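Here are my notes on the model, point by point. Please read them with the structure open.

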Amino acid sequence: MAAEAPAVKLIGGYGSPYVHRIEMALRLKGVTYELILEDLRNKSELLFKHNPVHKLVPVLLHGDRTVCESLVILEYIDEAFDGPPLLPADPYERSEARFWAQFIDQKFARPFWFSFWTGDDVDKRAFLKEAKENLTLLEAQLKGRSFFGGDTIGFLDITACALAHWLGVTEEVTGVTLVNKEELPAFCKWADGYISDETVKQCLPVRDELVAYFSARKEMYMARARATLHK
Amino acid sequence: MVETVKLISAFGSGFSHRAEAALRLKGVPYELILEDLGNKSELLLQHNPVHKLVPVLLHGDRAVCESLVILEYIDEAFDGPPLLPADPYERAMARFWAHFIDHKFSKPFWMSFFSTDGESRRGLLAEAKQNLALMEAQLEGKRFFGGDSVGFVDIAACNLAHWLGVFEEIGGVSPLLTDEEYPALCQWTKRYVADEAVKQCLPNREELVAMYSAFKEMIQAMAASHK
């Protein structure tokens, strides 16, 4: 008799695109998992125990193994479970996917944060310009395909999920527009395709709820942006 | 036909060393192209337009940027001893710690050498020591982070093995990595720099001291603005 597969649990938090990345990866691989929702303002012992270094979500628990850091988790899921591959097979294409994933995680945050969450007293033009340039560079990686992964959603698509869904939410909450269809047609098509995907819809936070969630935290984000900007 | 391999590099760069160490450990012949980072070449700007940084690996007509991405590419594209373990979970741990080194460990660690503000320096040192303790625990009785031989995390941690002594000297501070507090790490640094493949591509210590001394004021300014 085959041994029962070790249980898979995901420690997550509401509204986190990083958690969504992992849910997508598990669902695309066909892996059954239990979602444990943290209250991120009141983190649990479970989270501190399994991610003592960063104390952040997502954290993947697979049997007695713990994996932290969303991009590390994505690669683990791709390697530890059977199912359709998330990363391409070719080493060079894999390196490109990893490069652009790093780009999204390292280079997008700052100009986006300051474009959206600084007040009218701040000259946002430079931040907006940088944010748009970043999007333009990323758009070029689509190379005429529906998704970064080709015909289907893959590693880089799920890594970029915040741009497909959370970006529009932030635009609505702040009244700052970054993306327009004329300037970024392939990107917009990609974003629409991503959020319309059946698997994505199963684990994507509802737009109106996200808008309410971020609206309630608007003052906090703006204060944080002000403080960071003047450092 | 074997495609040519070239590495765009810069003297003294720990990130460039990572790529060289990986190529040598895999037994891949390569041509080293040294950049003057004060006057970047068309070749570099063409092949790394996004970041304009070294290292850049050129393999035939392909260009790979970002040192950790290059390490994984080298491991996957070439035959030779593996840099990452075979087991998915051990691979995840290796990637986690390499990521930790680059994103959580580095800045407070290096800034602590150059911070001139007492309170700020104490804070940075406390953070650096916490992080060092985590790295020490990861060695847990092994010769290298990778086990019996140099691997992905060892290469990622190269700054700690070789550049650390240089910065301690320039910063005029007492050594941070002491045998008493971090015995495993201290032994590891000696093993890393003595490794046959690694030592062929480690920059000369005196030359590193000379180079970084010239940058001391700039780094002190950076440390002062890092809160």
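1. The two domains of chain B come first. The C-alpha centres of domain 1 of chain B and domain 2 of chain B lie 21 Å apart. The contact draws 17 residues from domain 1 of chain B and 25 residues from domain 2 of chain B. Keep in mind that this is a predicted model. The domain assignment puts domain 1 of chain B at 5–77 and domain 2 of chain B at 88–221.

2. How much area do domain 1 of chain B and domain 2 of chain B bury between them? The figure is about 1700 Å², with 64% of it on carbon and sulfur atoms. In domain 1 of chain B, the residues that lose the most area to domain 2 of chain B are Phe11(B), His17(B) and Arg18(B). Together they make up 36% of what that side buries.

3. Two salt bridges are found across the interface of domain 1 of chain B and domain 2 of chain B. Arg95(B) forms a salt bridge with Glu72(B), and their closest N and O atoms are 2.9 Å apart.

4. Which elements supply the side of domain 1 of chain B that touches domain 2 of chain B? α1 (14–26) and α3 of chain B each supply at least two residues. α1(B) gives the most, with nine residues. By class, this side has eight nonpolar, four polar and five charged residues.

5. Chain B as a whole. Its secondary structure comes to eleven helices and four strands. The radius of gyration of chain B is 18 Å, close to the 17 Å that the globule rule gives for 227 residues, so chain B is as compact as a globular protein of that length. Along its principal axes, the C-alpha trace of chain B spans about 60 × 45 × 30 Å.

6. Chain A is also divided into domains: domain 1 covers 8–80 and domain 2 covers 91–230. Their C-alpha centres are separated by 21 Å. Domain 1 of chain A puts 17 residues into the contact, and domain 2 of chain A puts in 25 residues. The area buried between them is about 1800 Å², and carbon and sulfur atoms give 62% of it.

7. The count between domain 1 of chain A and domain 2 of chain A is two salt bridges. Asp105(A) forms a salt bridge with Arg21(A), the closest N and O atoms being 2.7 Å apart. On the side of domain 1 of chain A that touches domain 2 of chain A, α1 (17–29) and α3 (70–80) of chain A give two or more residues. The largest share, nine residues, comes from α1(A).

8. Finally, the chain interface. Here 26 residues of chain B are in contact with 25 residues of chain A. The area buried between the chains is about 2300 Å², of which carbon and sulfur atoms give 68%. In chain B, Val50(B), Tyr89(B) and Phe96(B) lose the most area to chain A, together 25% of what that side buries.

9. The count between chain B and chain A is six salt bridges. Arg91(B) forms a salt bridge with Glu79(A), with the closest N and O atoms 2.9 Å apart. On the side of chain B that touches chain A, β4 (62–65), α3 (67–77) and α4 (88–114) of chain B give two or more residues. α4(B) provides the largest share, twelve residues. That side divides into 15 nonpolar, three polar and eight charged residues.

Technical notes: Residues are numbered from 1 along each chain as its sequence is written. Chains are lettered from A and ligands numbered from 1 in the order in which they are written. This is a predicted model: local features need pLDDT of at least 70, side-chain atom pairs count only at pLDDT 80 or more; totals for chains, interfaces and linings use all residues. Side-chain values use heavy atoms; hydrogens and water are left out. Domain bounds come from an automatic or database domain assignment. Contact means heavy atoms within 4.5 Å. Buried area is the accessible area (1.4 Å probe) that two parts lose on being put together, summed over both. A salt bridge is a side-chain nitrogen of Lys or Arg within 4 Å of a carboxyl oxygen of Asp or Glu. Ala, Val, Leu, Ile, Met, Phe, Trp, Tyr, Cys and Pro count as nonpolar, Asp, Glu, Lys and Arg as charged, and the others, Gly among them, as polar. The radius of gyration is taken over C-alpha atoms; the globule rule is 2.2 Å times the number of residues to the power 0.38.
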